[in-house]
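Reader: I am new to reading structures. Please take me through one part of this model closely, then show me how the rest is built.

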Amino acid sequence: SEKILEVNDLRKYFNMGRNTSLKAVNDVTFHVNKGETFGLVGESGCGKSTIGRTIMGLYEKTAGDVIFNGENVHDMDGKDRFKFYRKMQMIFQDPYASLNPRSTVKEVISEPMEVHGLYKNKKEQLDRVYQLLEEVGLNRDHANRYPHEFSGGQRQRIGIARALALDPDFIIADEPISALDVSVQAQVVNLLKELQEEKGLTFLFIAHDLSMVKQISDRIGVMYLGNMVELTSSASLYEKPLHPYTQALLSAIPIPDPDIEDNRERIILEGELPSPINPPSGCVFRTRCPMAMEVCATKKPKWLEQEKDHYVACHLYDDTLNDRERESVSNK
Ligand code: SF4
Ligand code: MG
């Protein structure tokens, strides 16, 4: 399959003054295939939104590269960057906050078309707005109303219509359903799936909830404290999670089928998420890892392809360690 996006050793640190920095994203590497949904999952504060914004070029990178369709996003000049935004768009968690409350739905959706000068003819532009409203399950009667007149799910549909206005290839969806009622979440997910099929869209789907990401993603990257700790297909992640953090996240998801006896052991993570300003040495997960060993405090785990297309950053899978390094430690 053809790669549409490559993220290579991407690093994003925010300068906090006094020689401190917030290490939001630490040398993260992954790619997204054309037409797939790549899920990026992790607790809030793990850096997943920062990755999305850095891919878009909304944040300057600290190091590494973002390659979209063979072009380095952060090397683009203003003109190329502007053209690039036609191909990559973003939808956000809170559709209300991302929509101007004083603009009608019609204005909200046509704004990007105007900025990019897509239509010379107002009538054509309006027809396109109507068409987009229908594509997202709304209708033309909604065009002259204001965002506050709509429910959360409808507002997210407006946000999606706006993101589609420039006919992009790639959409970064940053927690697009997290703020919605459970009953509405599935509808929005289904809409995104339908649109993906119709238009051949590629999605980077960011979420904190693994059960949500599972339904929609082809492949999944698990983030913890600015680091990617595991990466594989949705199926192998659920069948055979390798990283202790992924195992803990999965153990917290109830089995949906009531006929299947749930006799799995819950893995409860002790302790709090450390600060990305002062992350633990060695493996960033070690302060909460039930499997932590001596080596975990001193060496950063390598990014290992443990099975085909199944990557993990954890010393448990590193065959080159000696016995002393393998001694377990208590982190209580
Ligand atoms: Fe746990 Fe060590 Fe693996 Fe980190 S490297 S996840 S601390 S066992
Ligand atoms: Mg976020």
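Author: **Around ligand 1**

Around ligand 1 there are 14 residues, and C283, R286, C289, C296 and C314 come nearest. A residue is near a molecule if its C-beta atom, placed from the backbone, lies within 6 Å of it. The shell around ligand 1 holds 11 nonpolar residues, 2 polar and 1 charged. Here Ala, Val, Leu, Ile, Met, Phe, Trp, Tyr, Cys and Pro count as nonpolar, Asp, Glu, Lys and Arg as charged, and the others, Gly among them, as polar.

The model is predicted: local features need pLDDT of at least 70, side-chain atom pairs count only at pLDDT 80 or more, and totals for chains, interfaces and linings use all residues. Residues are numbered from 1 along each chain as its sequence is written, while chains are lettered from A and ligands numbered from 1 in the order in which they are written.

Now take A248. It sits in helix 10, residues 244-251. A248 has 18 C-beta neighbours inside 10 Å, so it counts as partly exposed. (Buried takes 20 or more other C-beta atoms within 10 Å, exposed 12 or fewer, partly exposed lies in between; C-beta atoms are placed from the backbone.) Leaving out residues up to four places away in sequence, A248 touches I267 and L269. Contact puts two C-beta atoms within 7 Å. R266 is 18 residues from A248 along the chain, and their C-alpha atoms are 7.2 Å apart.

Step back to the protein. Of its 332 residues, 36% count as buried. Among contacts between residues at least 6 apart in sequence, 64% join residues at least 24 apart. The C-alpha atoms fill a box of roughly 75 × 55 × 40 Å along the principal axes.

Conventions:
Helices (H or I, at least four residues) and strands (E, at least two) are DSSP runs, numbered from the N terminus.
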